[in-house]
Amino acid sequence: MESGQLIVITGPSGVGKGTLVKSLLQRHNQLSLSISATTRPPRAGETNGKDYFFLSRPEFEAMIETGDLLEWAEYAGNYYGTPRQGVEDKLQQGEQVILEIEVVGARKIQQSFPQAMRIFIFPPSLTVLEERLQKRGKDDPEIIAQRLDHAKTEIAAADEFDYTIVNDDLDRTLTQLEQIILQPEKS
Ligand code: 5GP
């Protein structure tokens with residue numbers, strides 16, 4: 001039915017998924033990004049409908065009920081999920097659609113879209129991850145601690161994914177990602 005391709009980019013919070021995806025989108029206009037829904041409050045500078053669709057818990061739960069989410073997960077006390085319609089429309093138009101999501105959601109995609117390409121991004125180490133989470137200054141210390149805790153579980157699941165890349169150098173990681181994503185599709 002769909003002619004496009006679903007690409008899942010996962011890995012711990014702070015590993016650089018957002019920066020990598022932003023660069024990919026700037027460089028390759030056949031790629032598009034699914035905008036997620038979340039109940040997390042917007043951070044400074046985030047815009048509704050651009051960074052996320054910011055929803056209340058009842059609004060998010062209504063989307064779960066109606067099956068309007070392709071996948072969803074609870075992460076650090078908030079819901080995050082992928083609105084189904086936008087992704088299906090883009091796939092039907094033949095686009096390569098990127099989901100930048102955490103591991104539980106990525107696992108769910110494997111069940112519903114077994115043909116999706118799933119890539120796990122590793123931090124060089126947990127120490128580097130912690131430094132990055134602290135340096136980006138987006139979260140309070142207790143949230144950072146929660147995210148680091150999650151990271152350990154997420155890293156333990158890396159083997160489940162089709163490709164793994166260590167993000168120790170942004171340019172090199174980007175090149176590796178491009179090689180994976182832009183390879184001709186296997187028939
Ligand atoms: P943040 O709060 O830092 O924006 O995101 C927290 C985590 O949720 C990140 O690992 C991010 O990739 C993930 N995330 C963002 N959108 C989604 C989504 O739609 N579904 C799932 N399962 N995870 C998401």
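**View 1. Strands in the shell around the ligand.** In this predicted model, β5 and β6 each contribute at least two residues to the shell around the ligand; strands (E, at least two residues) and helices (H or I, at least four) are DSSP runs, numbered from the N terminus. The ligand is surrounded by 16 residues, and R40, Y52, Y80, E102 and R147 are the closest; a residue counts as near if one of its heavy atoms lies within 4 Å. By class, the shell comprises 7 charged, 5 nonpolar and 4 polar residues, where Ala, Val, Leu, Ile, Met, Phe, Trp, Tyr, Cys and Pro are nonpolar, Asp, Glu, Lys and Arg charged, and the others, Gly among them, polar. Local features need pLDDT of at least 70 and side-chain atom pairs pLDDT 80 or more, while totals for chains, interfaces and linings use all residues. Residues are numbered from 1 along each chain as its sequence is written, and side-chain values use heavy atoms, without hydrogens and water.

View 2. Oxygen atoms of the ligand lie 2.6 Å from a polar side-chain atom of R40, 2.6 Å from one of Y80 and 3.0 Å from a polar backbone atom of G81 (N or O pairs within 3.5 Å). The protein buries 95% of the 510 Å² that the ligand exposes when taken alone (Shrake-Rupley method, 1.4 Å probe).

View 3. The ligand sits in the largest pocket, with more than half of its atoms within 2 Å of the grid points. A pocket is an open set of points on a 1 Å grid over the protein atoms alone, where a 1.4 Å probe fits, with protein on both sides within 12 Å along at least five of seven lines; lining residues have an atom within 4 Å of a point. The volume is about 1,200 Å³. Of 41 lining residues, G18, R43, Y52, E100 and K138 are closest to the centre. α1 gives the most, 6 residues.

Key:
Grid points are joined across faces, edges and corners, and a volume is the space filled by probe spheres set on the points. A polar contact is a pair of N or O atoms within 3.5 Å; within protein, one must be able to donate a hydrogen and the other to accept it, and residues adjacent in sequence count only if both atoms are side-chain atoms.
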